[in-house]
Amino acid sequence: MTVHRTNLPTISAAGLGKRYGDRWVLRDVDLDVAAGTVLGLLGPNGAGKTTTVRILTTLLRPDEGSARVAGYDVATEDARVRARIGLAGQAATVDELLSGRANLELVGTLYKLGRRAARARADELLERFSLSDAADRLVRTYSGGMRRRLDLAASLVATAPVLFLDEPTTGLDPRSRGELWDVLRELVAGGTTLLLTTQYLEEADRLADRIAVIDAGRVIARGTPAELKARVGGERVVVTLRSEDQLAAAAGALAPLAAEPPHSDPGALEVTAPVTNGTTLLGVVRALDEADVAAADVGLRSATLDDAFLTLTGHATDDLKEAA
Amino acid sequence: MTALADPTTVSLATRFRWAVGDCLALTRRNLTHVRHVPEKLIDVTLQPLMFVLLFAYVFGGAIHVSGGSYHEYLMGGIVVQTLAFAVMGTAVGLADDIRNGVIDRFRSLPMARSAVLAGRALADTLSNLIALAVLVIAGLIVGWRIDDGAGSAIAGFALVLLFAYAMTWAGILLGLLVRTPDAAQGFVFVVIFPLTFVANTFVSTPDLPSGLRQVAEWNPISAVVAAVRDLFGNPSGLPADAAWPLQHAVPVAIGWCLVILAVSVPLAVRRYRVATAR
């Protein structure tokens with residue numbers, strides 16, 4: 001049986017479901033992550049990302065379906081799973097009343113690294129996450145970003161073959177974010193399998209080999225970043241108007257240049273559309289001019305999670321939060 | 001890549017060694033908290049010292065016990081009361097751990113799940129004993145003595161240790177049930193406080209009105225207090241017609257400690273699984 005394990009995906013979930021009372025927070029979730037690859041689980045707050053991670057890391061039992069991590073069932077072989085995973089949860093789960101160093105040494109001890117190795121590993125990680133200067137201070141005195149970095153360091157103490165990071169860059173400044181991305185790329189190049197959740201399309205794009213978009217507890221789209229971006233559209237043209245009665249004219253002018261029908265927002269006096277390859281800002285301005293549309297502002301920006309949701313579900317992420 | 005600390009691939013002896021190591025690592029962690037935040041020990045150090053002074057010098061003059069000095073009588077009561085109040089510190093500590101997510105970190109690691117509770121029990125028992133040492137020194141200063149020989153004194157301290165351990169587990173169960181520090185405090189005030197006062201802790205039971213006297217004499221706290229006094233050779237203040245538990249205080253006290261453990265440990269373990277798997 002072990003012979004076949006190497007051919008199986010490192011993380012696989014089939015029909016995962018979790019409910020609280022009558023409310024399903026997760027339903028019919030299937031996931032497959034091949035060894036040494038990165039899956040980005042992309043979705044807004046409350047979509048079910050954390051619930052998925054908690055099930056896959058044995059913290060939570062699913063009400064439906066099953067999952068295997070590193071070849072073992074998360075429900076029935078949970079101790080074996082825990083011996084093969086690292087986790088950085090969404091809330092920074094570090095001990096406030098210990099120093100940063102003591103936190104990492106404790107985790108190393110619990111991974112049975114041995115005292116000396118645990119200490120060496122703690123030093124190494126403190127250095128890598130720019131925490132050496134604060135190593136012996138109580139975590140209580142750390143800033144939010146420092147806690148987050150320590151939490152991530154804690155998940156890497158044992159260089160586990162499978163790593164789960166729940167919104168790892170939330171609360172990090174851009175520099176720390178870039179540094180973390182470098183660390184993660186290095187780990188994956190070394191054979192680590194990574195599942196990370198994020199609210200940022202850009203982050204999933206930069207790091208993930210495959211992306212699963214999750215919405216209201218269900219996977220609504222999956223594919224490589226390129227496939228998903230092709231569906232969602234890479235760049236958006238945003239036209240801001242001076243008055244509401246020009247919305248229709250602007251949408252009409254943009255339609256021939258857009259990959260999908262333009263979306264009008266009367267509140268913001270904006271028309272947004274994913275542009276096709278080769279469309280330039282100049283072309284957009286010219287088209288608007290020909291349609292006699294007086295725009296207050298015309299710009300291009302890259303697609304956001306909101307754009308992705310708009311395209312994939314037909315509704316924006318904000319509607320989702322209100323519905324939940 | 002290799003697996004880390006997979007408990008299913010090693011011998012039973014190694015697994016046991018790992019579990020003990022996990023428990024000690026968490027014990028050390030909890031004791032480090034006390035070192036960094038010594039205020040945590042105020043409940044079990046300053047407060048009992050205040051009671052010693054209050055009862056020895058303010059109320060003591062008005063309370064009489066048969067067969068000896070009130071200062072000697074007092075200490076057994078305050079030692080037991082202190083340990084009963086200590087359930088609050090344990091409950092608060094555990095409720096805090098669950099609330100701020102540290103338990104999630106532990107639960108995702110390849111460690112013995114029992115270590116979180118066992119480490120808490122061991123650490124809190126040890127820190128409560130440190131507090132007791134302070135109390136004993138204060139007792140010696142106000143005139144308390146162990147009057148019954150070394151063997152009996154050792155038995156006395158062993159009983160105190162057993163009671164401290166049992167109370168820690170009661171505190172763990174409380175922390176898992178209430179989940180907030182305020183509620184733990186409320187429970188101690190409403191339940192533990194009367195329990196330690198409607199007893200032979202500070203007064204001898206014949207001085208109590210009928211009805212209350214029976215409650216006090218059957219109160220488990222009274223049995224433990226009477227047993228501690230008995231083993232330390234302090235005046236017992238026991239009337240000739242004391243209720244059965246007080247006549248057999250030592251075995252009854254041990255029995256109560258074992259009952260508390262037999263109830264608290266399995267309930268706490270079960271509650272821990274439920275409370276943390278949300």
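Modeller: Happy to! Two residues are in contact if their C-beta atoms, placed from the backbone, lie within 7 Å. In this predicted model, 26 residues of chain B are in contact with 31 residues of chain A.

Biologist: Which elements of chain B give two or more residues to the side that touches chain A?

Modeller: Those are helix H1 (12-36) and helix H5 (102-107) of chain B. H1(B) gives the most, with 7 residues. By class, that side of chain B divides into 13 nonpolar, 7 polar and 6 charged residues.

Biologist: Now to the helices within chain B. Why are H2(B) and H6(B) called roughly parallel?

Modeller: The axes of helix H2 (residues 42-59) and helix H6 (residues 114-142) of chain B cross at roughly 20° and come within 9 Å. Angles under 35 degrees count as roughly parallel, and H2(B) and H6(B) are therefore roughly parallel to each other. Their crossing is right-handed.

Biologist: What makes the contact of H2(B) with H6(B), by class?

Modeller: It has 10 nonpolar, 3 polar and no charged residues. Among them are B:Val52 and B:Ala56 of H2(B), and B:Leu135 and B:Gly139 of H6(B).

Conventions:
Residues numbered from 1 in each chain as written. Chains lettered and ligands numbered in written order. Predicted model: local features only at pLDDT ≥ 70, side-chain atom pairs only at ≥ 80, totals over all residues. Axes fitted to C-alpha atoms, helices over the stretch in contact; angles between N-to-C directions. Helix = DSSP H or I, 4+ residues; strand = E, 2+ residues; numbered from the N terminus. Parallel < 35°, antiparallel > 145°, perpendicular 65-115°, else oblique. Left-handed = near helix turned anticlockwise from the far one by under 90°. Nonpolar A, V, L, I, M, F, W, Y, C, P; charged D, E, K, R; others polar.
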